[in-house]
Amino acid sequence: MRALVTGATGKVGHSIARALRERGDEVQVLVRNPGCAASQLPSGVRAIRGDVTEPASVEQAAAGCEVVFNAMGLPEQWFADPEVFERVNARGTETVVRAAAAAGARRVVHTSTIDVFHAEPGTPFDESVVADYPKGTAYERSKQHAERLALTAAADTGVELVIVNPAAVYGPGPTGSASVEAGLLRPIVEGRRAAVPLLPPGGLPMVYSTGMATGQLLAAARGVPGQRYILCDGQMSFRELAETAVRLAGRGRVPAVMPVPLAKALAA
């Protein structure tokens, strides 16, 4: 099979592209600058210059591909200009779906996020409980809008669309600015008190990158068009994460957990 992967310089797209190559598929990746991206890409992939804000470049990259994995996006939770989330995460997703259809692709697997779902505090949820209200951050709202735009584009064009909703992804792959490893675990193991003076309250649902990629390939092969699939190994508190990292590394320190009112004030 020939597949196109967007976002292959990030942990999600990199893991998908690597998993496809390991099973022998032909893989093309969409990158804005092939020269700069070369060191971050899995071996054996073909880098094609393009941008999700430029529909013609995406359609050209998708030519001849049976499946398109849309794993691009801005994972940061805040930018001074929140419009960048809408332009890249939401409108960029619509561009990928429509360009894939125009290029003749059979299926698009879109990487969304577990953040689009609703749950009352302390209660479980599944793929059927999609939030019907705008979430609290520009990032979350852009991912909600991306799903709506993708589903509309699929209905308009007839391309099969499957949505995967991963939890926080950790493990092998490029370490970006919004990663658990760079933002939390590494500073704790290295004992950098100024970087993580206190732990946030609460925790994270998490998924290991190689398992997440397996889930993506299963979604491409067996997912039902129009359906969502949560990819998650389980939930860990930030204290449990810190304690595990320090224990396995054999060094570092576990900061205290900050009170909830302080966390809310700092977030504001």
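1. A residue is called buried when its relative accessible area is under 20% and exposed when it is over 50%, with partly exposed in between (1.4 Å probe, protein chains only). Helices (H or I, at least four residues) and strands (E, at least two) are DSSP runs, numbered from the N terminus.

2. The model is predicted, so local features need pLDDT of at least 70 and side-chain atom pairs count only at pLDDT 80 or more, while totals for chains, interfaces and linings use all residues. Residues are numbered from 1 along each chain as its sequence is written, and side-chain values use heavy atoms, with hydrogens and water left out.

3. Helix H3 spans residues 55-62, and its buried residues are Ser57, Val58, Ala61 and Ala62. They line one face of the helix, because they fall within an arc of 130° when seen down the axis of H3 (the arc is that of the directions from the helix axis to the C-beta atoms). Ala56 and Gln60, on the other side of H3, are exposed.

4. The buried residues of H3 pack against strands E1 (2-6), E2 (26-31), E3 (46-49) and E4 (67-70), and against helix H4 (83-102); contact means heavy atoms within 4.5 Å. Just after H3, Gly64 has a positive phi of about 85°.

5. Helix H1 (residues 11-22) packs with helix H7 (residues 209-222) at an angle of about 65°, their axes being 8 Å apart. H1 and H7 are therefore roughly perpendicular to each other, a term that covers angles of 65 to 115 degrees. Axes are lines fitted to C-alpha atoms, for helices over the stretch in contact, and angles run from 0 to 180 degrees between N-to-C directions.

Notes:
Parallel < 35°, antiparallel > 145°, perpendicular 65-115°, else oblique.
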